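Subject: Structure handover

Hello,

Here is the structure for your files. Please keep it open while you read the notes below.

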Amino acid sequence: MNSNRAVWEQASTKHIREYDDLLAQARGNGLLFPRELQLLEPVLRTRPTVVHFQSGHGLDDVGLIKAGAKRVVGVDYSSVAAGAAQRRAVELGVSCRYVVAEVPGVPLRDGCADLVYTGKGALIWMRDIDVWALDAKRVLRPGGSLFVYESHPAVPLWTWDADEPRIRPDRSYFARTHINDTFPANGAQEWQWTLGQIVTAIVNAGLELQVLEEYAEPFWRPEDDTNAAAWSGRLPNAYALLAQRP
């Protein structure tokens, strides 16, 4: 965990180096995808208080505020990421506040949120998906929602070959962990959870599944000319999940 935190702190310096670019994006509509906004529209219409597990650069939080959220509390274990996100929020005058803490184990009171939002590279850092789901339920009020927009669990299998999508010989869908060799790299250990394990953890925590969708388009691509055949529409690369606390 300490090694992964160090890697993420180093990777998060990108949010400082590219501060002005990220600020310009935040002045637009943030980084929420159209399908996210469609799925969240009924929730955002109620002006929810949002807790964002693993909030990263915080641009999603600005998007949530602009789409209707009353306030957002972001939780991230990188002080670099949380600090840059807080600076942007203050500069933009949006109601976002940031807490430096590990997820699960979020230091917020029970039932403080109408919506827990997470994803886009979050669940790979979870050592225990069952405890994560219980923490999400704990901070939700009755009737509150959990929303996940995340990389598909099969993504670690895909090569980045341009001609044909192939399965990496060093990876397994059912492996417990693997070592990241792309971003943020530097030997970070990622935990793997199958789609079945994720859904089961959420249901066992006492949340009711409402939406589960899979998408061919990845939520992230490297900032170069890489265009892997695995991203051409034949394979799952992302998913969205919406669940509610009864």
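Leu-209 has Ala-243, in E9, as its bridge partner. E8 (208–215) and E9 (residues 238–244) pair in the antiparallel sense, over seven bridges. Two strands count as paired if DSSP finds at least two bridges between them. Helices (H or I, at least four residues) and strands (E, at least two) are DSSP runs, numbered from the N terminus.

Two points on the source. This is a predicted model: local features need pLDDT of at least 70, side-chain atom pairs count only at pLDDT 80 or more, and totals for chains, interfaces and linings use all residues. Residues are numbered from 1 along each chain as its sequence is written, and side-chain values use heavy atoms, with hydrogens and water left out.

**Around E9**

Glu-214 stands opposite Tyr-239 in E9. Tyr-239 is also the bridge partner of Glu-150. E5 and E9 pair in the antiparallel sense, again over seven bridges. E9 is mostly covered, with six of its seven residues buried. Buried means under 20% relative accessible area, exposed means over 50%, and partly exposed lies in between (1.4 Å probe, protein chains only).

Seven strands form an open sheet with mixed pairing, in the order E3-E2-E1-E4-E5-E9-E8. Strand E3 (96–100) and strand E8 stand at the edges; each has a single partner strand, so one side of each is left without a neighbour in the sheet. From one strand to the next, the twist averages 15°. Axes are lines fitted to C-alpha atoms, for helices over the stretch in contact; angles run from 0 to 180 degrees between N-to-C directions.

Which strands does helix H6 lie across? H6 (residues 129–139) lies across strand E1 (49–53), strand E4 (113–119) and strand E5 (140–151). Its direction runs at about 140° to E5. Helix H7 (residues 195–204) packs on the sheet too, touching E5, E8 and E9. H7 makes about 15° with the direction of E9. Contact here means heavy atoms within 4.5 Å.

**The parallel strands**

E1 and E2 run parallel, joined by five bridges. Val-50 has Val-72, in E2, as its bridge partner. E2 and E3 also run parallel, with five bridges. There, Val-75 has Val-99 of E3 as its bridge partner.

E1, H4 and E2 make a right-handed β-α-β unit. So do E2, helix H5 (residues 79–92) and E3. A crossover is right-handed if, with the strands pointing away from the viewer, the path from the first strand over the helix to the second runs clockwise.

Five of the six residues of E2 (residues 71–76) are buried, so the strand is largely enclosed by the rest of the structure. Helix H4 (residues 59–66) is largely enclosed as well, because seven of its eight residues are buried. Among them are Leu-59, Val-62 and Ile-65. Gly-68 follows H4 and has a positive phi, near 135°.

**Aromatic rings**

How many aromatic pairs does a search of the whole structure find? It finds six. Rings of Phe, Tyr and Trp (its six-membered ring) pair if their centres lie within 6.5 Å; planes under 30 degrees apart count as stacked, over 60 as edge-to-face and the rest as tilted.

Tyr-117 and Phe-147 are stacked, at 6.0 Å centre to centre and 20° between the planes. Tyr-117 lies in E4 and Phe-147 in E5, so the pair ties together parts that are 30 residues apart in sequence. Both Tyr-117 and Phe-147 are buried.

Tyr-173 and Phe-174 form an edge-to-face pair, at 5.1 Å centre to centre and 85° between the planes. Tyr-173 is partly exposed, at 24% relative accessible area. Phe-174 counts as exposed, at 70%.

Ring pairs also link Phe-33, Tyr-149 and Tyr-215 into a cluster.

**Trp-158**

Trp-158 is found in the loop between E5 and strand E6 (177–179). Is Trp-158 buried or exposed? Trp-158 is buried, with a relative accessible area of 13%. Leaving out residues up to four places away in sequence, its contacts include Arg-166, Ala-230, Leu-235 and Pro-236. Trp-158 and Leu-235 are 77 residues apart along the chain, yet their C-alpha atoms are separated by 8.9 Å.

Best wishes
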